[in-house]
Structures are given as structure tokens and as C-alpha cells.
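Welcome! Take a look at the protein below, and then let us walk through some of its features together.

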Amino acid sequence: MKKEKFIRSAALKNVFSSLIAVAIGLLIGFVVLLMCGGRMAFPAMYALITGGFPLAGFAKTAARICYYAVPLIVLGLSVSFAFKTENLNLGASGQYWVGGFVAIVISLSGYETLGSLTWIVACIGGTLIGGLIALLPGAMKAYRNVNIVISCIMMNYLATYGVSLALNLNPKIMDKTNSWTYAIDKGATLPKWGLDKIFPVHGGAGANAGIIIALLTGIIIWFVIEKTVFGYELKMCGLNRHAANYAGVNENRAIILSMTISGMLSGFAGALYYLESNTSHISVSSTIPGQGFTGMAVALLGMTHPVGVILAGLFVAYIQVGGINLQAYGFASELVDIIIAVIIYSCSFSQVIAGVIGKKLFTARQAEGSEGDSR
Amino acid sequence: MRIIIFFFQQMLLFTVPLIVAATGGMFCERSGIINIGLEGNMIMGAFCGALFLHAFPGMGQWSFLAALLSGAISGMMWSSLHAFASIKFNANQAISGIALNMAAPSLTIFIGRILNGKQQVTFLNDFRIESLPVFSRIPFIGDIFFRKFYVSLYIALALFVIGAIVINRTRFGMRVRACGDNPQAADSVGINVRRTRYLAVLICGAYTGMAGVMLVVPTSTEFNTSVAGYGFLAVSVIILGRWRPKGIMLASVLFGITKTFAAIYSAIPILAGLHLDAFIYRMIPFVVSLIVLSFSSDTRSEPLASGQPYDKGAR
């Protein structure tokens, strides 16, 4: 009986459907490799799945994974928070980009006055601006009934172009030769919190306090959603907004707040990622950064539960680090994007498949059981 | 005067793909399937059209028409993935569309590098028709519509008119609308809801694939993994046009005008004199659409069953 209950439980179904999605993603990635590369596909796929551990050594790879996982986990938390009210925060990319930009600007211009507190101020700045950007689509949805998906897409473009505009207008921030932001001061980056001791490679290879902060954020978000009245109201609005309205929940407030908090998390993710000295820079760009969409993959893969999101974030970071090695075999590292897209695609219906399979298992067992009874 | 004519000619180049993509998207949305994946469809269509032109150049207008056809076919194939997920598997339609949007550019980079050695697909653009014999003599209108134009302009108008007639005046169109508003009622009178929705999504794929070719070929000589957000603009054109052909036409012209400013501001003396950054002009279409959406959003004209997977047993 206990076993049956376990098989029917939602948690198992969720884990199962995520695994199905991942399997489909990797399988299709492998098929694409086979079609394009023939025999080279096998070592390339091996490098991808092993995450580059055999090639680059344990400490360096693990540190890289920790570093890549930070924005993914926080973005995943952001998307899943908005998802609690059935809103899809597609604007995560833009919020992330502007959050990172503002954090860099603060640490470039304020390091002399703020000193070692710079990274905290920069994180707060990035968080606030992310929330501000997400507030607009939320308010437009609540008061003017504008489709949130569309307004978020528009905000993505505005954010990307706005950052490029700000870079073009401020020569103090922009490194003209590469048209991206200057590297921030060593003292203004996130502290290491001992992670460079755990991973004894040059400068910790990017592993820093970010991963610890991301895990703490996950715990806080879990607490807010599961253990507070506010979180309960948000979930009510998502599950049945008419019932929530009837029970006295202010629906508009729930939408706006969930979007704003989600945007704050996205901005925070950007700040955490870009406050590292030798990382990719915020640059003049006319294409939307893809990180927000990857964050959505993480949220969906993690079934919008904080624990799931943390695991999914680590997994996607693992695949991304493995994907860097694809270039050694003559493949574009965009394969990782394809795999992630396929994972999102299969996430959109993998719960249905998992439900069908689970039902079959259950009915088979039930049939066995009833046979036993009749005997 | 020359600038005005130039402006209108450019505007047509930017409006045509929007009209076609939004008309296609209208079919999909009216049948009750939300399709955010228009961008991905356009990318795949443009990519395959450009590949075709890269491989078989030099057949004059015929190769342009063939490129449009290959765009349509690839758009249909790509959108069938969306149809499969959202109709067969009752998927969350927004998520499936976004996934397809994400996959399309990466796939074009991947395939392009393997076929071509690089992600850009270059092609020869010699499809511009300088002038049409008699009609180009008409003052003003002749200059805009019959000089320095592409065949795609008239194909697009034809596609729009056909689309408008089909959705409003034919049995199939009525069935599509019924499936979008009340699929259970449609099913009860013998309409095959799933098949109608499949057809609508495939029509959408063909239209958007062609729109991708119509965007990339006249305005460029290479395809480089993106269609500059046109698919997303087309989605907001549909919402702004309230899911009706006439509205879609008006909304596309509005967006076409703002896009034109972004593209040719440096050729207009007054605007060039302001010395504003290019990104300001690029932001205009999105700002305008946000403002217009917030003052005209009207859910009464939205298809009632929009975004809901079809459940036979639901009431």
C-alpha cells in the first residue's frame, strides 16, 4: 500500500517527468551530433556527458560548475516564483542583463568610496533595478490587462537596447576597443568565502560566495512560498484565481508583487554573475541575452520547486561546462542551447507522459492486486 | 518628395513580413493555440530560403519564388513540432513556443557551420524589379508600388487577402473560429477539433516561414541566425489587431512605420541632424507597442479557448 502511494505521489511523478525531459534532450542532442559529425559524435558526447572532468581536471571543472550554476539557480528561482501565480516571467533575460549592468556600474564608480562593501551595494542595486523592470509588465497586466508574455518580450528588447544606449553614452564605463564594460576592481568582486581553498586552482576559477548565496536564496524562497501567508496567497491566485478572489485575496497585488519579486531575483542573478573580475562582460548588443531562457529551463526542469531548481541549476551548469569541450571535436558549443531548448520543449508535456506511464504502472499493479483478492 | 517616396518604399519592406507573419499567426490563435514561436518559424523559414538561394542562384525571379516555397515548407515542418506538443500532448503552449524559439537560432548556427563552414548564409540578391512598364508612370503611387519593388510585396498582399477571406468567409475558417471559441461545441456538431487545429498551426507555419524569407531577402544579402525580433512583433501585432484581419493590417502598418524610422533615420536630414544614438530609434517600436497595448488591450475579442488544451470531457 505504501509503495502504491509512493508511485502515485506527485513528487515521484515530477522527478520522473524531469528525467524524461533530460533524456529526450540528451538523446536529440546526440542524434544531431551523429547527423552532423558521424564518428566524432561519440567522443564529443562523452565529453559533454562527463562534464569535462577527465579533460580539465576535477578542481577546475567543479569550480566552473559552481560559478555557472549561480545565475542559473537564482534565475530558476525567479521564473518559478512568478510561475506560482501562473505568470511566465519571460523578461528574466532583460532583468538579468540590466541587473548585471547596474552592478558593474556601481562597482566601477563607487569602489573608491564604498571600499569592501561595494559588492553588497552593487547586489542591492542590481536587485532593485531588476524589480523595477518587472514591475511594469506586472502593473500593466493587473490594471490594463496586457498580455504579460508580450510585455515581457518588449521589455527584454528595451532592456538590451537601453543598456547598449547607456554604454554608448558613457565612455567612462565602456572599453571602446571591445565595446564592453571595463573589468571591475579586484576588491569589488564577490568575496571568496573560502571557496578558493576548496578548489585550489588559479583564483578559484570563478567559484565564489555566489553559490552559497544562491543556495541561501533558495531556502528563503522555499520558506516564503511554503511557510508564509503571502506565499499561500500567491499559490491560491495561481491555482484558482476566482476562488482566491472570493476568499479575499487581492489578485492585482499578488500579480504585481510576484512579478516584482521575480524581477528582483533576476536582477540579483545578474549582479552575482557579473561581479567577478575575469568574466564575460556586459557589451553593446542587439540580441537578447539567452541566460533568462536557460533560467526558465532550470525552473521547468526543477518543477518550480526550490530544491528541484537548485539541482536543475547544477545539472544545466554541468552540461554547459561539458559543452565547452565540444569545440575540441569541431562542433559548435551551441549544441548545448539546442539540448536545453529540447529539454524545455519536452518539459512542456513530459508530465503528461509521466502521468500516462505512472497510471499504467498503477493500473497494472491494481489488476494484479484484484486478481489476488478474487483468489 | 524623394525622401517621402524612399520612406514609403522602405516601409513596405518592413511591413510586408509583419503582415504575412501576423496573418499566419492569426489562424493559429483563432484555432485556440497560442503561438509565441512565430520568431522561431520565421528563423527556420528564412534560413532554409537563404540556403536555397545560396545553393541554386541565378534563376531570376523563379529562384525567389522557390526560396519562398522552401521557406513555407520548412516553416510548416518547424511549426508541426509546436502542433505536436500542444495538440497531441496537451502541452503548455507558451512554453513549447519559447522552446522552439530558442532552438531555432542555435540549430541554424549548428547546421550552417556544418554545411557552410560559418553561421552566416550569404546569397545573391538580384530580385529587385526596377520598374513595371505602364504602372510606374502613375505619379506617386507608381513610384511607391511599381518602382524598385520586390515580387514579395504582391505575394504578401495576396496572402493577406486570401487569409482574410478564408478566416471570415469559408467553412474552414468558421470551423477554425469555432475551435478557438468553444471546441466542445464544435466537436458536438462533428468538427474534428484536433485536425482543424493541426491545419491551422500548419497554415501558420507556412505563412511565417514565407514571412521570414520576405524579411531577409529584400533587406540583406546574408542570413545571420536571426530575424531581429520580427516574430515577437508579429505576435503583438495580432493582439493589437484584436485577432481580426483588418486590425492586423493597421497594426502592421503602424509597426512598419516605427521600424522604418529605426532603419533609415540617417537618410532623413531632420533626424540625422539630431545626432541621436541608433539604439534610441531601435527602441521606438517596442515603446510604441507597449503604450498602444496598454491603451487598447481588450480581452473580449480574444479567442475564448485560447491556450487551453482541448479536453473532450470538459464543460
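## Before we start

This is a predicted model, in which local features need pLDDT of at least 70, side-chain atom pairs count only at pLDDT 80 or more, and totals for chains, interfaces and linings use all residues. Residues are numbered from 1 along each chain as its sequence is written, chains are lettered from A and ligands numbered from 1 in the order in which they are written, and side-chain values use heavy atoms, with hydrogens and water left out.

## A covered helix in chain B

Let us begin with helix H10 of chain B, which spans residues 230-240. Helices here are DSSP runs (H or I, at least four residues), numbered from the N terminus. How many residues of H10(B) are buried? The count is 11 of its 11 residues, where buried means under 20% relative accessible area, exposed means over 50%, and partly exposed lies in between (1.4 Å probe, protein chains only). Among them are B:Tyr230, B:Phe232, B:Leu233 and B:Ile238.

After H10(B) comes B:Arg242, with a positive phi near 55°. B:Trp243 also has a positive phi, near 60°, and is a residue other than glycine. You will find B:Trp243 in the loop between H10 and helix H11 (245-264) of chain B. B:Trp243 counts as buried because its relative accessibility is 5%.

## Salt bridges

Side chains of opposite charge can pair when their charged atoms come close. A salt bridge is a side-chain nitrogen of Lys or Arg within 4 Å of a carboxyl oxygen of Asp or Glu. Over all chains, the structure holds 4 salt bridges. One of the pairs joins A:Lys235 to A:Glu226, with the closest N and O atoms 3.3 Å apart. A:Lys235 is partly exposed at 21% relative accessible area, and A:Glu226 is partly exposed at 35%.

In another pair, A:Glu251 meets A:Arg241, and their closest N and O atoms are 3.2 Å apart. A:Glu251 is buried at 14% relative accessibility, while A:Arg241 is partly exposed at 45%. A further salt bridge connects B:Arg113 and A:Glu334, whose closest N and O atoms are 4.0 Å apart. That pair crosses between chains, from helix H4 (residues 93-116) of chain B to the loop between helix H15 (306-324) and helix H16 (335-374) of chain A.

A:Ser93 lies in helix H6 (residues 92-114) of chain A. Is A:Ser93 buried or exposed? At 0% relative accessibility, A:Ser93 is buried. Leaving aside residues up to four places away in sequence, A:Ser93 touches several residues, including A:Asn156, A:Pro289 and A:Phe293; contact means heavy atoms within 4.5 Å.

A:Leu275 sits in the loop between H13 and helix H14 (291-301) of chain A. A:Leu275 is buried too, with a relative accessible area of 0%. Beyond residues up to four places away in sequence, its contacts include A:Ala103, A:Trp119, A:Cys123 and A:Asn208.

## A positive phi in chain A

Which residue of chain A has a positive phi of about 60°? A:Glu86 does, although A:Glu86 is not a glycine. A:Glu86 belongs to the loop between helix H5 (58-83) and H6 of chain A, and at 55% relative accessibility A:Glu86 counts as exposed.

Terms used: Helix = DSSP H or I, 4+ residues; strand = E, 2+ residues; numbered from the N terminus.
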